[in-house]
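Hi,

Here is the model I promised to pass on.

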Amino acid sequence: MSATVIVELSLLLLLAVSAVALLTSRWRIPYTIALVFAGFAIDLFHVPIKEVVGNAQLLTPDVVFILILPALLFESSLNIEIKLLRENLRSIVLFAVVGVTVATTITGFVVHQILGLPVLTAVLFGALISATDPIAVIALFRDLGVSKRLGVIVEGESMFNDGTAADVFQLILAGILTN
């Protein structure tokens, strides 16, 4: 796939999410819910994204770690109040590090028991899916005017749990590859 097609597709998607943002401000519905409905509309009206993209691998590890994750973390860290982050750091670290590790372990052992996968493979899958992504929750918190402290805890946990999950995933993958 050529670079021109990627740029055109990216621009079309940016236009689509911008249009959704404009409509949500006019209709006063949460942006994240409107994005879900926009995705349904794209599927319902058979917008030919797959035909344009073809079999290209757009979501590679490099794209995730070099483009998507830094942009998400930057946006999140730009909007967070540092003073509240420091005051709630203990809770945030507890949720992010301990929570992701426990969720990874439990998910891995449940997958191991149900599907019969090797333990390390099942725990690797657990690391892949255990990090929560509360972007929709944070957006709803802002719309509903929830307390700043709760918003900072959830947003801070979101920033740190992605890094924790990526580290846990890499450690387990290294363990699998060395066996």
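This is a predicted model: local features need pLDDT of at least 70, side-chain atom pairs count only at pLDDT 80 or more; totals for chains, interfaces and linings use all residues.

Below is what I found, going from the whole chain down to one residue.

Residues are numbered from 1 along each chain as its sequence is written, and side-chain values use heavy atoms, with hydrogens and water left out.

The protein has nine helices and zero strands (DSSP runs numbered from the N terminus: H or I of at least four residues for helices, E of at least two for strands). Of its 179 residues, 24% are buried (under 20% relative accessible area with a 1.4 Å probe, protein chains only). Among contacts (heavy atoms within 4.5 Å) with a separation of 6 or more, 69% join residues 24 or more positions apart. The accessible surface (Shrake-Rupley, 1.4 Å probe) is about 12,300 Å², and carbon and sulfur atoms hold 71% of that.

Now for helix α6 (residues 89–115), which packs against α9 (residues 148–178) at about 40°, the axes being 8 Å apart (lines fitted to C-alpha atoms over the stretch in contact, with angles from 0 to 180 degrees between N-to-C directions). That angle makes α6 oblique to α9 (oblique is what remains after under 35 degrees for roughly parallel, over 145 for roughly antiparallel and 65 to 115 for roughly perpendicular). The contact includes Phe 95 and Val 100 of α6 and Phe 160 and Val 168 of α9. By class, the residues there are twelve nonpolar, six polar and one charged (nonpolar is Ala, Val, Leu, Ile, Met, Phe, Trp, Tyr, Cys and Pro; charged is Asp, Glu, Lys and Arg; the others, Gly among them, are polar).

Helix α6 also meets α7: their axes come within 7 Å and cross at roughly 130°, which makes this pair oblique too. On the α6 side the residues include Thr 104, Gly 108 and Phe 109, and on the α7 side Val 123 and Phe 125 are among them. This contact has eight nonpolar, five polar and no charged residues.

Is Val 123 buried or exposed? Val 123 counts as buried, because its relative accessibility is 12%. Leaving aside residues up to four places away in sequence, Val 123 touches Thr 104, Gly 108 and Ile 172. Thr 105 is 18 residues from Val 123 in sequence, with 6.0 Å between their C-alpha atoms.

Cheers

Key: Buried means under 20% relative accessible area, exposed over 50%, partly exposed in between (1.4 Å probe, protein chains only).
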